[in-house]
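Hi,

Here is the structure I said I would pass on. Have a look first, and my notes follow below.

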There are 2 protein chains.
Amino acid sequence: MSVIKGFVFDAFGTLLDISSIDQKLVWEFGNKGIELGTTWRSKQLEYSWLCQIMERYQPFSHITRAALQYALNKCAIEVDDRKVTDLANIYGQLPAFEDVAPTLQFLAQRYQLAVLSNGDSRMLQEALSFNKLHDQFDFVLSADEVEQFKPSPKIYELAVEKLEVTKEEIAFVSSNAWDATGAKNFGFRVFWINRKHLPFEQLGVEPDLVLGQLQDLTTNEDIAPF
Amino acid sequence: MSVIKGFVFDAFGTLLDISSIDQKLVWEFGNKGIELGTTWRSKQLEYSWLCQIMERYQPFSHITRAALQYALNKCAIEVDDRKVTDLANIYGQLPAFEDVAPTLQFLAQRYQLAVLSNGDSRMLQEALSFNKLHDQFDFVLSADEVEQFKPSPKIYELAVEKLEVTKEEIAFVSSNAWDATGAKNFGFRVFWINRKHLPFEQLGVEPDLVLGQLQDLTTNEDIAPF
């Protein structure tokens, strides 16, 4: 097996805790906040995939806002445009999981580190800066650069080009099972962070390793050489 | 506006009533049947889109079975392979909505009629034959023929080629808002059958007409010339 030369991380849900959104929505909208949050997230993913398939790229921040508008309509919640914008901007202020900073510090001693996200550049810079994580990465790679969304092989290819290593030398880390599936389909070595004890996708590929939390990357014996 | 020369219908959810599946699943698995049905359907769509984006086509019957297996895992329901196959085969025996047969008979007097579905040929033939609908259509067009899933423009193009008309001369009919969005993005005239009173997608296109049920196609004054 190839030696790992770089770690490439998904952002939303992997480094950044999107579950914090649900708490804010419940605080704002009571019980309706739960359905609103669930619908928003699933539509956000769905819209990124539909745009990719329709060959009609839109920045992820637009998609996030459109998905929120759909979710508000579905839940019969009426708010003005300014409020929609405020809510959508939560994505720039998501907290990182607690083990992110120490894990990145540890890995940065030995490997190139990158983020590879469907988020557009502005959205990513904002969220990483909010958590003072920006300096940890050699590359912050956005769907914007290629106008393609994950799980398209064309966006995973971006990491190979920027890090100047082979796909087998990249360890791709994601909490999103569909993203781990896409990354494995592309040819990365894939570590799936399964914090919620979910089943993996049934699409004919498996992650190389399943970890319960991000900091397991610093202690797992199967990740050689440390 | 161009004269309509052909009606092209989506199959699952538009002509065929997939809500009947939920009843069977509740009968089999009690309360867990509801979550199982919801997860199965959403994963089925998700897997078709992910396969499309990953450039890894699989027939829809495979995807349907894989999505069911995921949903069973998620709901912690253990059944043997034979049972999984039996459940997946429900898709070949879905009942058509009551107004389908009379609506098709009416439209067939004046227009070419076609089905255009993500379902593979065998699955479609089975479900249409089960409802004695097969003879109503001039063309039954499947994702199989192009190995592309909706909402890719490449599969909508198939209808243009087969019917030998322009895209503006085709009225595309779907109950699935994402499909209506893809069809409009491609350039068809689009009639969205919104039986469940859902909001439409927020992806920058709108259907030409929203109808509450399929038989409204036979009476709506905006659909000229009858």
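How many residue pairs are in polar contact between chain B and chain A, with both at pLDDT 80 or more? The count is 12, where a polar contact is a pair of N or O atoms within 3.5 Å; within protein, one must be able to donate a hydrogen and the other to accept it, and residues adjacent in sequence count only if both atoms are side-chain atoms.

Before the rest, some housekeeping. This is a predicted model, in which local features need pLDDT of at least 70 and side-chain atom pairs count only at pLDDT 80 or more, while totals for chains, interfaces and linings use all residues. Residues are numbered from 1 along each chain as its sequence is written, chains are lettered from A and ligands numbered from 1 in the order in which they are written, and side-chain values use heavy atoms, with hydrogens and water left out.

**The interface**

On the chain B side, 33 residues are in contact (heavy atoms within 4.5 Å) with 33 residues of chain A. Those of chain B that touch chain A split into 17 nonpolar, 9 polar and 7 charged; here Ala, Val, Leu, Ile, Met, Phe, Trp, Tyr, Cys and Pro count as nonpolar, Asp, Glu, Lys and Arg as charged, and the others, Gly among them, as polar.

The rule also finds 4 salt bridges across the interface, each a side-chain nitrogen of Lys or Arg within 4 Å of a carboxyl oxygen of Asp or Glu. One salt bridge joins the side chains of E55(B) and K154(A), at 3.1 Å from N to O.

**How the copies relate**

A 180° rotation with 0.0 Å of shift along its axis puts chain B on chain A with an RMSD of 0.0 Å (least squares on the C-alpha atoms of residues with pLDDT of at least 70 in both). The two copies are thus related as by a two-fold rotation axis. The copies meet through the same surface, because 100% of the interface residues of chain B are also interface residues in chain A.

**A closer look at Q52(B)**

Q52(B) counts as buried because its relative accessibility is 14% (the cut-off is under 20% relative accessible area, with a 1.4 Å probe and protein chains only). Leaving aside residues up to four places away in sequence, Q52(B) touches I53(A), Q148(B), F149(B) and S152(B). With Q148(B) there is a side-chain to side-chain polar contact at 2.7 Å. As for S152(B), 100 residues apart from Q52(B) along the chain, the two C-alpha atoms are separated by 8.3 Å.

Cheers

Technical notes:
Buried < 20%, exposed > 50% of the residue type's maximum accessible area, 1.4 Å probe, protein only.
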